[in-house]
Amino acid sequence: MKSICGLLLIALICLISIDFASFTHYEPNWDSLDKRPLPEWYDDAKVGIFIHWGLFSVPAFGSEWFWWYWKGTEPRSDYIRFMDENFKPNFSYPEFAPSFTARHFDPDQWGQLFRDSGAKYVVLTSKHHEGFTLWPSSTSWNWNSMDVGPKRDLIGDLAAAVRGYNLTFGLYHSLFEWFNPLYVKDKENNFTTRYFPVAKTMPELTDLVLRYKPDVIWSDGEWDGPDSYWGSTKWIAWLYNESPVKDSVVINDRWARGTLCQHGGFLTCTDRYLPGHLMPRKWENAMTLDRNSWGYVSTSTLSDYVSFKELVDLVAKTVSLGGNILINVGPTSEGIIAPIMQERLKQLGNWLSINGEAIYKTKPWVHQNDSFAQNVYYTQPKSDPDVVFAIFMDWPANDILELGSVAGDPFFTKVYQITPDASYKTLDWAMKNEKMVIKTQLFSENLTAWVLKIERAIPLYF
């Protein structure tokens, strides 16, 4: 009898230990799909790298929308002039493909750079709106990087390198293609026919997931067709229920007309999104180092690039508001990431190597910025409610920093400054006029943005 009871007890313990979340079945509608918990790795990561790479990198003029601005419904005169002055008459966009050589593309070098940037995940454009794919897609015959141009699987090469540096790999994918005849036909039919998504979009997405197992699917180009046209909810239900990445994958909000900033795993809302207040759901600030373009532009000047100080400010502000930041680079058609972009990423990586605990695995504090001092952002480690980080962007006059928000908690009594060697230096402080007045120390003039670690003397939880 005792042995039977023992077996029953063991069985009960095993039953209790089962992760019932793994048995959740998601229905192909947003009400069900939006209930899926966001995998924790994504919120912990905070910083990612975006890569816009494609045939638009060959002309390297204007932006990644080159083909549309040259041959779309309302062509732009500067794009037409650029082609007239630099290419033969009647030159066609597909003729750029052989010049997309990627001959200097070193995926290991990219992976090392992205690791050194402090990023935790990388998202590559598998296909932009032009339709050219960076993998040997069976639905894109002779319009992919294996058949023409580099003659290699660019996604596969980069995925292996990125994962070799312990970074999470993801893929951007455009639902539509500007000039694909199937898409043009569906659009003419007011999306009552579904030739394009059935023959192209959904088979491509499934192929990408099964082939490369990306942990981020960053969809785009959703604005024209409704979900009844794209069939997005049905595909996402498969992704969440049956795919090989069903437990780890995250998706954005660009899946059909009306889903932007409403549905999906995390919200992007607009390019370079920075809401200025806490959002009810997880969001991402997808921004680009070149202020004017996501793809490489050969004529960009120094002033066209975000400065290091601006970049750190964006990182701190984004994270304090609960967002992730996805920092875009645009490589050349030969596969080179411009030195100025490399410099920005390495500068950020150096800063994060010192101050990363104020960024990674944090959550928004009750105050996101200070009530008195400007350009001061707060974060809080998920693991310790008795610690708050104050990230300040401007060095205070006379080395005296006055903070209003933390002064409201009388148990915040320990103040440390994170030094350039990532150690802590105890600072003197006093309470004055309902502000915490802190005597900071300038250990190095080479830093941009400094971090204070503020602790409670009496913990909230014992």
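Predicted model: local features only at pLDDT ≥ 70, side-chain atom pairs only at ≥ 80, totals over all residues.
Me: Ok, Phe 50. Where does Phe 50 lie?
Reply: Phe 50 is in strand β1, residues 47-51 (strands are DSSP runs of E, at least two residues, numbered from the N terminus).

Me: Is Phe 50 buried or exposed?
Reply: Buried, because its relative accessibility is 2% (buried means under 20% relative accessible area, exposed over 50%, with a 1.4 Å probe and protein chains only).

Me: And what does Phe 50 touch?
Reply: Leaving out residues up to four places away in sequence, its contacts include Val 123, Trp 218 and Val 329 (contact means heavy atoms within 4.5 Å).

Me: Switching to Lys 282. Where is the place of Lys 282?
Reply: Lys 282 sits in the loop between β5 (250-251) and β6 (283-288). Lys 282 is buried too, at 13% relative accessible area.

Me: Which side chain does Lys 282 join in a polar contact?
Reply: That of Asn 324, at 2.8 Å (a polar contact is a pair of N or O atoms within 3.5 Å, one able to donate a hydrogen and the other to accept it; residues adjacent in sequence count only if both atoms are side-chain atoms). The Lys 282 side chain also reaches the backbone oxygen of Gly 322 at 2.9 Å.

Notes: Residues numbered from 1 in each chain as written. Heavy atoms only, no water. Helix = DSSP H or I, 4+ residues; strand = E, 2+ residues; numbered from the N terminus.
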